[in-house]
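Here are my notes on this one, as numbered points. Have the viewer open while you go through them.

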Amino acid sequence: MKSVSIRNGYWFYFEVDGLDIAAHGSAYSGLEIVYINDNPVSEKRNLFSTNGTHVFQHQGKEYKVIFETTSILRGELICKLYIDGKSYAEQTKAYVESSAKGAKTFLKSFLTFVVIGGGVGFLVGYLARIFAG
C-alpha cells in the first residue's frame, strides 16, 4: 500500500518491543506528529526546514524520530528511528516513484493543480476587477 499522498501526507510505521510507533508528516502544512500506540507523543510544525527532529521519553527509554527530506523534486522523505541513541530503523518514501509511471502520475497531478490554481486565480482577479469598479 502506498502511504504517500498530497492529501494524507507521509506515514511511517515501526514496531518496537510490542509498541506501535507511527510518524506522520503533512505534505503541505508541515505538521509532523509521532504516535505511540495511537497516542500523540510529539508534535511540531516544520515549515522552513527540510529536517525535523522529535525527541521523547517512553517507559524509561529515549526515542528520537528524524524526518529528512532527501529530494524535494521527488518528494522523498526518510524517517529514522533511534532508541537510546542507537539507530533502530529507517524507512524511505517518495511522492514520485523513480519509475516512469510514477513520474507521469506526478506530472499529471502537478498540472491538474496548476490548471485549477490558475483558473481560480483568474476568476478571483476577474471578479475583483468587476466589483471594484
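1. Leu-77 is buried, at 10% relative accessibility (buried is under 20% relative accessible area, exposed over 50%, partly exposed in between; 1.4 Å probe, protein chains only). Leu-77 sits in strand β8, and its C-alpha is 5.7 Å from that of Thr-92, 15 residues apart along the chain. Beyond its neighbours within four places in sequence, Leu-77 contacts residues including Tyr-10, Phe-12, Phe-67 and Gln-91 (contact: heavy atoms within 4.5 Å).

2. A word on provenance: this is a predicted model, where local features need pLDDT of at least 70, side-chain atom pairs count only at pLDDT 80 or more, and totals for chains, interfaces and linings use all residues. Numbering runs from 1 along each chain as its sequence is written, and side-chain values use heavy atoms, with hydrogens and water left out.

3. Which residues touch the most other members of the largest nonpolar core? They are Phe-12, Ile-21, Val-65 and Leu-81, out of 20 residues (a core is a set of buried Ala, Val, Leu, Ile, Met, Phe, Trp, Tyr and Cys residues joined through side-chain atoms within 4.5 Å). Two or more residues each come from β2 (9-16), β3, β4, β7 (61-71) and β8 (76-83). Ile-21 touches, among others, Phe-12, Val-34, Tyr-63 and Leu-81.

4. Ser-26 lies in the loop between β3 (19-25) and β4 (31-36). Leaving out neighbours within four places in sequence, Ser-26 contacts Gly-9 and Leu-31.

5. Over in helix α1 (residues 100-132) we find Leu-127, partly exposed with a relative accessible area of 36%.

Technical notes: Helices (H or I, at least four residues) and strands (E, at least two) are DSSP runs, numbered from the N terminus.
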